[in-house]
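Please keep the model open beside the text as you read.

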Amino acid sequence: MTESFAKDKPSRAPRPEPELKIIDLNIAPMPYTQGNGPVQFSVTVQLPREIDRALILEVTSLISSPSKTSLRFLTHRQPIPITSTRNGEQERPKVVVELQWDGQDHRKQVAGAGTYAYEVRTKLLANGEKGLRTLTVAWPKRGTLEVN
């Protein structure tokens with residue numbers, strides 16, 4: 001008789017939310033019509049309170065068709081911007097990053113009409129001896145985008 005250990009696993013406490021967060025995501029225009037310029041992803045990222053200014057902020061988005069045959073990966077990397085803080089300011093720093101999708105897939109073909117899924121992620125990278133390595137990852141934002 002075989003027993004499943006899956007039932008015996010103790011329930012885990014929910015993971016604490018990371019200090020790096022996507023606090024706002026605006027996508028315009030919605031719905032998107034081919035030939036009317038790019039789709040603008042405006043991502044507002046809240047940084048940790050204590051942050052090393054030598055880190056790199058990376059924001060990415062994967063846009064995929066329902067069949068997963070049409071994909072597009074957008075990425076933006078930038079050093080952490082230095083912002084001046086007011087005396088006693090407790091608010092964590094925020095950065096707005098813009099990503100643009102030109103309506104084309106990975107083969108530079110115009111994306112067909114339909115509902116596309118998107119996933120936006122952000123992470124902090126440190127430049128080490130062997131190149132960039134991930135330090136902190138925010139929870140992703142997911143949704144759909146209509147293409148006409």
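Arg77 is partly exposed, with 48% relative accessible area (buried is under 20%, exposed over 50% and partly exposed in between, with a 1.4 Å probe and protein chains only). This is a predicted model, in which local features need pLDDT of at least 70 and side-chain atom pairs count only at pLDDT 80 or more, while totals for chains, interfaces and linings use all residues. Residues are numbered from 1 along each chain as its sequence is written, and side-chain values use heavy atoms, leaving out hydrogens and water.

Arg77 makes a salt bridge with Glu58 (a side-chain nitrogen of Lys or Arg within 4 Å of a carboxyl oxygen of Asp or Glu). Arg77 belongs to strand S4 and Glu58 to strand S3, so their pairing ties together parts 19 residues apart in sequence. Strands here are DSSP runs of E with at least two residues, numbered from the N terminus. Glu58 itself is buried, at 7% relative accessibility.

| Pair | Closest N to O distance |
|---|---|
| Arg77 and Glu58 | 2.6 Å |
| Glu119 and Arg142 | 2.6 Å |

Arg107 is partly exposed at 48%, whereas Asp105 is buried at 3%. Glu119 is partly exposed at 21%, and Arg142 is exposed at 56%. Through shared partners, salt bridges join Glu58, Arg77 and Lys123 into one network.

Now to the strands. Which strands form the open sheet, and in what order? Three of them do, in the order S1-S2-S5, with antiparallel pairing (two strands pair if DSSP finds at least two bridges between them). Strand S1 (21-28) and strand S5 (94-101) are the edges, each with a single partner strand, so one side of each has no neighbour in the sheet. S1 and strand S2 (residues 39-46) are paired over seven bridges, and Asn26 has Ser42 in S2 as its bridge partner.

Elsewhere, strand S6 (residues 114-128) runs antiparallel to strand S7 (residues 131-137), with six bridges between them. A hairpin of two residues connects S6 to S7, and Gly128 sits opposite Gly131 in S7.

Finally, look at the loop between strand S3 (56-64) and strand S4 (71-79), where Ser65 is placed. Is Ser65 buried or exposed? Ser65 counts as buried, at 6% relative accessibility. Leaving aside residues up to four places away in sequence, Ser65 touches Ser70 and Tyr116 (contact means heavy atoms within 4.5 Å).

Technical notes. Helix = DSSP H or I, 4+ residues; strand = E, 2+ residues; numbered from the N terminus.
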